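Have the structure open while you read.

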Amino acid sequence: MEVPILKQGAVLIATFQAALSDADLNQLRSALIQQVVRFRSRGVIVDVTAMDVMDSFASRTLREIAHMIRLRGAETVIVGIQPEVAFAMVQLGLTLEGVATALDLEEGLAYLNEKFKTMK
Amino acid sequence: MAKRDESSELLRELVAHLRQNRTQLREEWVGRISETRLLTAMTKEEIFAEATSVYDSYVEALETETFEALQAYARNLSERIIPRGVETHEVVGIVLLLRDVLARSLFAKYQTDFKKLNRILDAYEPAANRIANTVAVGFVQERERVIRQQQEAIRELSTPVLQVRERLLILPIIGVIDPQRARQLTEQLLRGIRTNRAKVVVIDITGVAAMDVTVANHLVQTVEASRLLGATVIVTGLSPEIAQTLVTIGVDLGKMNTVGDLQGGIEQAERLLGYKVAALAEPS
């Protein structure tokens with residue numbers, strides 16, 4: 001299942017609808033890094049609210065997405081990680097180091113707007 | 001079979017002897033108890049009253065060779081005296097004293113008939129040892145029950161997650177943290193972050209006396225999990241001992257944001273959230 005990518009001003013928003021296969025994640029990664037430059041976006045939000053499991057592949061892909069997008073000149077925020085998922089992730093040692101996180105979409109947008117202000 | 005009969009015969013004789021000399025033996029025993037400074041937490045009258053009941057249950061246990069009543073009494077006694085600070089060695093000590101006192105009286109009584117004394121002791125000693133055992137075990141079991149109960153109570157003292165300002169939570173941790181409680185704390189905190197939409201959390205561990213590797217790692221995990229929910233954690237009140245332990249055992253606290261005390265932690269949290277606290281007027 002493909003992940004829809006929405007454009008909202010200078011921000012791209014990718015919302016996971018359900019658990020994704022590894023192929024879906026790879027597809028999302030390439031779609032995001034292409035579109036971020038095509039739309040001249042300055043921020044990307046990946047919303048994982050609907051995910052109730054986060055395995056090592058998913059978490060590594062999220063980290064790669066964030067780092068690649070930074071190389072393409074934009075900021076990434078992962079939003080909506082559930083408390084149980086967060087706890088399970090740290091127990092597995094998947095801490096998304098160096099990646100910005102926020103509570104939900106609203107917080108993520110607020111975070112990016114803050115960032116854009118300081119970037120000017 | 002004959003031997004067994006003889007043994008109970010002797011025990012009967014023994015019991016009769018103990019009943020006959022009840023007053024004198026009991027007083028001697030109480031005298032020995034205060035001499036050796038046992039049960040200092042209790043008054044003389046109390047010791048005497050308890051000694052009387054212990055003596056009677058003791059004799060009864062010898063007579064019937066059943067220990068249930070004595071066991072129940074020992075448990076009941078322990079329940080009463082444990083809160084007053086009576087120690088295990090004291091309880092064991094008084095039972096052994098009674099055993100000695102009674103043995104002495106047997107020596108005195110049968111000193112002319114050595115063979116009989118031997119047989120009486122053969123009957124008496126196993127029973128007396130079992131009694132001492134029963135009382136000591138009863139006491140220790142009661143003590144363990146009290147300890148278990150207290151642990152339960154401590155665990156149930158749930159740690160509150162408090163909101164002190166919009167988007168700022170405080171989690172004061174007091175007491176011993178074991179892995180189970182640590183897990184519970186983390187779950188509570190993560191839920192709290194979600195429901196209060198917190199951005200900053202101050203975890204205050206002033207009330208935590210000691211911390212081992214497991215708990216320290218758990219704390220680090222809590223900090224990381226909170227970050228995944230988009231909240232910054234500030235840990236305050238690390239005692240010098242804990243700081244020393246953590247550095248010695250090599251827990252990586254690089255990811256942790258620590259401030260000396262709770263006040264400092266709240267002030268830093270306010271800065272992060274963009275609050276500015278100012279006095280309304282100069283203090284007079």
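**Notes on the interface and the pocket**

1. On the chain B side, Arg194(B), Arg197(B) and Leu228(B) account for 37% of the area that chain B buries against chain A, more than any other three residues. Keep in mind that this is a predicted model.

2. Now the contacts. The interface brings 18 residues of chain B into contact with 19 residues of chain A. You'll find 10 residue pairs in polar contact between the two chains, counting pairs with both residues at pLDDT 80 or more. On chain B, helix 7 (179-196) and helix 8 each put at least two residues into the side that touches chain A. That side has 9 charged, 4 polar and 5 nonpolar residues.

3. Salt bridges next: there are 5 across the interface of chain B and chain A. Glu107(A) and Lys199(B) form a salt bridge, their closest N and O atoms being 3.1 Å apart.

4. Then have a look at the largest pocket, which holds about 680 Å³ of space. Its lining has 27 residues, and nearest the centre are Thr101(A), Lys199(B), Gly230(B), Ala231(B) and Thr232(B). By class, the lining residues come out as 12 nonpolar, 6 polar and 9 charged.

5. Which helix gives the most to the lining of the largest pocket? That's helix 4 of chain A, with 4 residues. Among the other elements that each supply at least two lining residues are strand 5 (100-102) of chain A and helix 10 (262-273) of chain B.

Conventions: Residues numbered from 1 in each chain as written. Chains lettered and ligands numbered in written order. Predicted model: local features only at pLDDT ≥ 70, side-chain atom pairs only at ≥ 80, totals over all residues. Heavy atoms only, no water. 1 Å grid on protein atoms, 1.4 Å probe; cavity = no way out; pocket = protein on both sides within 12 Å on 5 of 7 lines; lining within 4 Å. Points joined across faces, edges and corners; volume = space filled by probe spheres on them. Nonpolar A, V, L, I, M, F, W, Y, C, P; charged D, E, K, R; others polar. Contact = heavy atoms within 4.5 Å. Buried area = accessible area lost by both parts, 1.4 Å probe. Salt bridge = Lys/Arg side-chain N within 4 Å of Asp/Glu carboxyl O. Polar contact = N/O pair within 3.5 Å; in protein donor to acceptor, adjacent residues only side chain to side chain.
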